[in-house]
Amino acid sequence: MKRITVIIPFLNEESVLEKMYERLTLLADSCCDYRFDFLFVNDGSTDQSLPIILGLKAFDDRISVVDLSRNYGKEIAMLAGFDHAQGDAAVVIDSDLQQPPELIKEMIVWWEKGYEDVYAVRKERKGERFLKKWTSAFYYRILQKASKTNIYPNAGDFRLLDRKAVEALKTIREQERYTKGLYSWIGFKKKELFYNADERAGGTTKWRFSSLFHLAMNGVTSYTTLPLKITTIIGGIVSIAAFLYMMIVLVQTLLLGADVSGYPSLMIGILFLGGLQLISLGIIGEYLGRVFNETKKRPLYFIDTYYESKSPLSKKEK
Ligand code: UDP
Ligand code: MG
């Protein structure tokens, strides 16, 4: 019998984990000819989330828990999930019930038809502030234009991945992960499903603006070097303009003689160019920083404890 591992990364979700578990068991009991197991990845929660999950695990051996040594962020937590998933397919789902677990049934149907990456696209975003919706729409438009990889704006991490795709993702050990882009980068046959996102079942969003900004930067820097090219182009344009201006000044000086005026244009030139130089240095720095981080080749995460499922569902079966 084929197995499906549901990967649920969580950070401080004490108010929703039980509800999440209930919905998942309902699904597993009502669905299809597959065995489900639930792989919870604790991404450094500081509340009662871990004890709650371990409590559930005591009664349900389909649950296994990877307890990371600290908070690494959802991207890394998901990777830890892929590393430990044992199923023939893996489903990644948020713990906050914004994504309906029932959709997994439909994903499985498409998986059976041979699709290796069945991803869910959000139709509307309930309970999200206007600013977040708008910035995210704008960001994906830009990213899509700038990078050669297709990144589907409203497709998140909620998806079913065939073992082949999971293995592919596992081989990519980038420090600064941007999994959303990796899904399309690895290829495989993809199928798109739609769903309406619900509001969080409890708790609050874990994204701070700063972390979103960081993720957004990762998205750009790991998929395109366009910003570097743009700085080159701007540099070229400014140089040409400066050259033309030099000619004008030269001719003027030769014909009319030198006078000491020109302080404003001098200042404007210096400040404008100084600004441009700093911006391009910053852009180079962003890339360089990432190169630096990758060359350190540090392990991507450490595990505090791995509470493996002891049921016959575990490795032995393979
Ligand atoms: N999450 C995580 N580590 C983090 C941040 C978030 O494991 O550092 C989990 C979180 O518990 C949830 C999922 O990632 O299960 C999505 O987070 P959230 O709902 O806060 O994001 P949003 O839906 O607001 O984009
Ligand atoms: Mg959420």
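User: What makes a residue count as near ligand 1 in this model?

Analyst: A residue is near a molecule if its C-beta atom, placed from the backbone, lies within 6 Å of it. The model is a predicted one. By that cut-off, 16 residues surround ligand 1, and the closest are Pro 9, Asp 43, Ser 95, Thr 205 and Lys 206.

User: Which elements supply at least two residues of the shell around ligand 1, and how do the shell residues divide?

Analyst: Strand 1 (3–10) and helix 3 (74–84) each supply at least two. The shell holds five nonpolar, five polar and six charged residues.

User: Why is Leu 97 called buried?

Analyst: The cut-off for buried is 20 or more other C-beta atoms within 10 Å. Leu 97 has 22, so Leu 97 is buried. This residue sits in the loop between strand 4 (89–92) and helix 4 (103–112).

User: What makes Phe 188 partly exposed?

Analyst: Exposed requires 12 or fewer C-beta neighbours, buried requires 20 or more, and partly exposed covers what is in between. Phe 188 has 14 inside 10 Å and therefore counts as partly exposed. Its place is in the loop between helix 7 (179–185) and strand 7 (190–197).

User: How do you know that the buried residues of helix 2 line one face?

Analyst: The buried residues of helix 2 (residues 49–59) are Ser 49, Leu 50, Ile 52, Ile 53 and Leu 56. Viewed down the helix axis, these residues fall within an arc of 160°, so they line one face. Pro 51, Gly 55 and Ala 58 are exposed on the other side of helix 2.

User: What do the buried residues of helix 2 pack against?

Analyst: They pack against strand 1, helix 1 (17–30), strand 2 (35–42) and strand 3 (63–68).

User: Which residues of the largest nonpolar core touch the most other members?

Analyst: Val 6, Ile 7, Ile 8 and Val 91 do, in a core of 57 residues. Contact here means C-beta atoms within 7 Å. Leaving out residues up to four places away in sequence, Val 91 touches Ile 4, Val 6, Ile 7, Ile 104, Met 107 and Leu 160.

User: Where does UniProt list "transmembrane region", and what is the chain there in the model?

Analyst: The unreviewed UniProt entry lists residues 233–255 and 267–288. Residues 233–255 are 100% helix and 0% strand, with end C-alpha atoms 33 Å apart. Residues 267–288 are likewise 100% helix and 0% strand, and their end C-alpha atoms are 31 Å apart.

How values were computed:
Residues are numbered from 1 along each chain as its sequence is written. Chains are lettered from A and ligands numbered from 1 in the order in which they are written. This is a predicted model: local features need pLDDT of at least 70, side-chain atom pairs count only at pLDDT 80 or more; totals for chains, interfaces and linings use all residues. A nonpolar core is a set of buried Ala, Val, Leu, Ile, Met, Phe, Trp, Tyr and Cys residues joined through C-beta atoms within 7 Å. Two residues are in contact if their C-beta atoms, placed from the backbone, lie within 7 Å. Helices (H or I, at least four residues) and strands (E, at least two) are DSSP runs, numbered from the N terminus. Ala, Val, Leu, Ile, Met, Phe, Trp, Tyr, Cys and Pro count as nonpolar, Asp, Glu, Lys and Arg as charged, and the others, Gly among them, as polar. The arc is that of the directions from the helix axis to the C-beta atoms. UniProt positions are given in the numbering used here, feature names are shortened, and annotations may be inferred rather than shown by experiment.
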